[in-house]
Amino acid sequence: MSDDDDLPIYLPPGGAESVPGFCDRLVEHLQSATHPGEFTFEGVDVDESQGVWLAPLGGYDPEVDREGAADRPADPTLPPGGYAEVAEISAEAVRRELHAAWGAPTVRTPRFVGSEREPEGILDYVMTAIGVDEAEMWDRGALFCVVITSWDGEPRRSMLRQALVVLPREFALGGFAAVAGDEITIHDLLMHGEDLGELRRRAWLLSTLFDAGEVRVREAVLEASRFSLHFRSGKTTVWTFADDGRALVLFNDPASEFARSAADQLIADHLRAGDESESPADPEELREAAELILVARMLEGIPDDLRELIAAPAQNARGEAAEHDLEFRLSSSGALPIISGVAWYDGEHWRVPAGLLEIGSVNDFGMDDLGFAEAVRRPFRLGGELTVDTFVAPDDHEQRAVFEQVFAACPYPAQPRPAAAVRLGYGLPQDVTHTELVGQIERATEAWWDVEPDEADPRDDPFRVGGRRLRSFDGRILRSIVAMAEPWTSDILLEWTAELREAMEARWGRAVQMQAHNPHSGLERKTPVTRVMRGVGLLSAPLWWVNGHAVLLISGIPDPSYGEEPQAILVIARADAVLDVVRNTRTWELRTRARVLGTLTEMTSGAAQTDEIAWNGPSLAGSDLVPRATRGRLRTGDHHWVWHFALDGRALLMSFPIDAQATRGSFADHAELFTGIPDDLLSLVVDRDPAGLYPVVTRERPEDAADDGILGTAISLPAARAVLWRDAYDFRFSDGLLRRVRPIAADDDSGDARTPDLTDPLPVLNSADLGVPQLQEALYVGDELTRGVLADERYARNVFDRTPTRVEVDRAFAQLRDVHQNALTGSMNQFLDAALGMPDRRFVLDAALANPDPRNRREVALLLLERETDASIQLSHLTPVNVLLENPTLGADDLPLLLRLLHAGARAGAGLGGIGVARHPIVQLADRALDESEIAPLARALLEAAPADDLTRPALPDGRSVREYLEAGVFPHAYPRDGLRAQVHEEMERRAALAERNGYR
């Protein structure tokens, strides 16, 4: 290529017209010789990686252009666009020459597959890595040529790259399985160290005991025996042992994750790629076709003579034809078995086909997701003993006699047990010591301060421990199952985890024991960490503090009622993920307490302490309504805490030292404190009028922060000392506060490694300096805040200006009112303040629908309808629709509410009492003293939801229908109803036309 160091462009040495010939010669050269790594061909540097070759065809570097412009002599031959235009003209000329020489290319766009949307093949990976949206591809026989032409940004102002990619046909057309080397298919520990002879013995025993026993394969190149095991649940396992020492196992678990989702994912991938026209339209046919494609991919790579054994006929010992336990379906490549997994033995190694590995990679499946555990490992008890005792209790003499007879008849002798190190198979991390695991954990705890796992560099991933990747849960928990066993191999797991704990304690010191329940009160601890523990039934775990994060080893044998296998889970958690700040007190209880305390503060100080505030929160389902949040301030000794509660259960709390001189830090410091809090919650406090509730820090509006989010553009922030917020489940500290209390690891004496900081950050987070214990005391978390406590001088002196009287306390609770009262006449926040212990939502809905305040009615009723409330239930002679339409403040803006009611099952016609007790909804609308513009959208929704004959059957006590009532034109008001009559007429015509099309009269 032409690459004069002084020029910012790269052009083909012989011009664009030379490129097709150069490419053809390069393809011929690559087919005739092996060239690993980098080499030069006709003066062009060619790089090789993973069997793919890349060569530059042209380019432009704007940075080199700018830096060299002053020293470069003027070139009068340059076009107006300068060197950028020269490079662009050359790139387009190269494309034209290739089109002319090779014909129209296939335009290739990156394809992504699987639940994680990963690149499908090596070409997709290359295109994604370079950042191009499409490439041009030509079939050149055994090799494909792909030309990628792309500007990094704005044409002629950014980097231009034009490159040739040469890759084998199978790489261009296939997924990553085509790239994979043969060694990745070797899985020597798949059978947990069991000898092939032992596997044959077990296959014979289970097939003889529960199926047809051994059968011999006929009409195949290889001589072989087949053993099948079919379960009543539909699972099937078929072993085939060839006489030459090789073997094949196929299995199908209809309940596996593969069977449930892989075909649907493949269909989705092809639909995204625009392949739907090539597939059958019927969903069931589409799914069956996808299943066959997946099975065909699974079987690729298995030697043909072994594959022939799959469908070959077989005979039992009596010479009778043996039925195959697997289902087969015909495809273009012949009969294929319906399976969820397969493995084969080549005489030395157990192997998993590359196609199956690719399916697993694309869908994030392990072998157990394919059904291996349920169909192979557990029934054949891999890694454990298989004896008569496995099946029969010692005192069941009759059954034991039967089983002992079968075991004695087995022609295949038991083999020596495998070493303990391999009996767990891949249940233990491979090729890593306990000390190395500890080092990997330390690295993850340090890296997590700077990067999330999904943003880590895959080439040097700090979140891999023992070969397993730590997965993030809501940004507060990293977890991975580092070891797993079955009940019959749990002793090995327990020994391994004990050794790992010893290595952890040797490095980090003695652990503290984390309990899922408070040992003093017996109450559940409700934190992200304890949810992991309760989820697997392991309720106690050692905990260390490493680099500011909690590290837990949750391991052991769960209670059988949990249905979990013995396992060891590594958990790395943020400091607040092990801390229950509110000590198991429900959020709605905290909200109620805050409301009562705010009311009492107003009584004892004379100053209002609570109000409502608009914010950028989520709208109610089916509408654009965003209910206001509520906020207030609470004195807690030497701190004020300002609280904000939202309708969705989330909250934002901030502490402020009462001594104004205690406010510390710059605007940037306070902005850092609020990092990690969702923007909608931040909208409660950023650039807001504090209404005297808290002090603020300010700055001039920055000129260049348009893309820096709400904190980047903020000009006013609370001057808070600490920030707590609640997500959908827990209270948590802001990321900024966690970073403030983060201990920093230091280099050790040698300077070669970092010594982890083992400081426990909880004392700082729980410190009086932040005001946390004062808040806990004021809200009385973990205990019942009674009226007696509120009137007690010992409590009141830290919260109120004076001790409230018992009458004032009673009055504060009375102002909460009943939940039904608040639904009928109150606001959303008044309703939520009293919602603790609320009955089923349906029993409150009618009261909300009758609320005369339009905004309050819509907000409360829409909230009640968000949780699958069954509005078909009728609690009086009125349906929910009747109740709404009777509301004196009904208007067109109630349409979203009406639609939600209908979606929740409310009747659009007469209720259960019939026309004698409640008017038809359309009649109700017609009788309302409202302009037709107000009732038209409501009528449209009712007409669309009404039963087929609802407009013509009797709807009034005198026997008239809705249509007849409207035609009569007699209403209790002077508003016209011509529009409503027209709506009804149009709906009836629409239904008649639909009935005629469907063949009905």
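Q: Which residues in helix 15 meet which residues in helix 16?
A: Contact means heavy atoms within 4.5 Å, and helices are DSSP runs (H or I, at least four residues) numbered from the N terminus. Here His434, Thr435, Leu437, Val438, Ile441 and Glu442 of helix 15 meet Trp496, Glu499, Leu500, Ala503, Met504, Arg507 and Trp508 of helix 16. Bear in mind that this is a predicted model, where local features need pLDDT of at least 70, side-chain atom pairs count only at pLDDT 80 or more, and totals for chains, interfaces and linings use all residues. Residues are numbered from 1 along each chain as its sequence is written, and side-chain values use heavy atoms, leaving out hydrogens and water.

Q: At what angle do helix 15 and helix 16 pack?
A: Axes are lines fitted to C-alpha atoms over the stretch in contact, with angles from 0 to 180 degrees between N-to-C directions. Helix 15 (residues 434-447) and helix 16 (residues 490-508) pack at about 60°, their axes 9 Å apart.

Q: What should I look for in a nonpolar core?
A: Look for buried (under 20% relative accessible area, 1.4 Å probe, protein chains only) Ala, Val, Leu, Ile, Met, Phe, Trp, Tyr and Cys residues joined through side-chain atoms within 4.5 Å. The largest core has 142 residues, and Val529, Ile554 and Phe674 have the most contacts inside it. A second, separate core of 68 residues includes Ala224, Phe227, Ala242 and Phe258.

Q: How many disulfides are there?
A: A disulfide is a pair of cysteine sulfur atoms within 2.5 Å; a search of the whole structure finds zero. For cysteine 145, the nearest cysteine sulfur, that of cysteine 23, is 5.5 Å away.

Q: Why does cysteine 145 count as buried?
A: Because its relative accessibility is 0%.

Notes
Buried < 20%, exposed > 50% of the residue type's maximum accessible area, 1.4 Å probe, protein only. Helix = DSSP H or I, 4+ residues; strand = E, 2+ residues; numbered from the N terminus.
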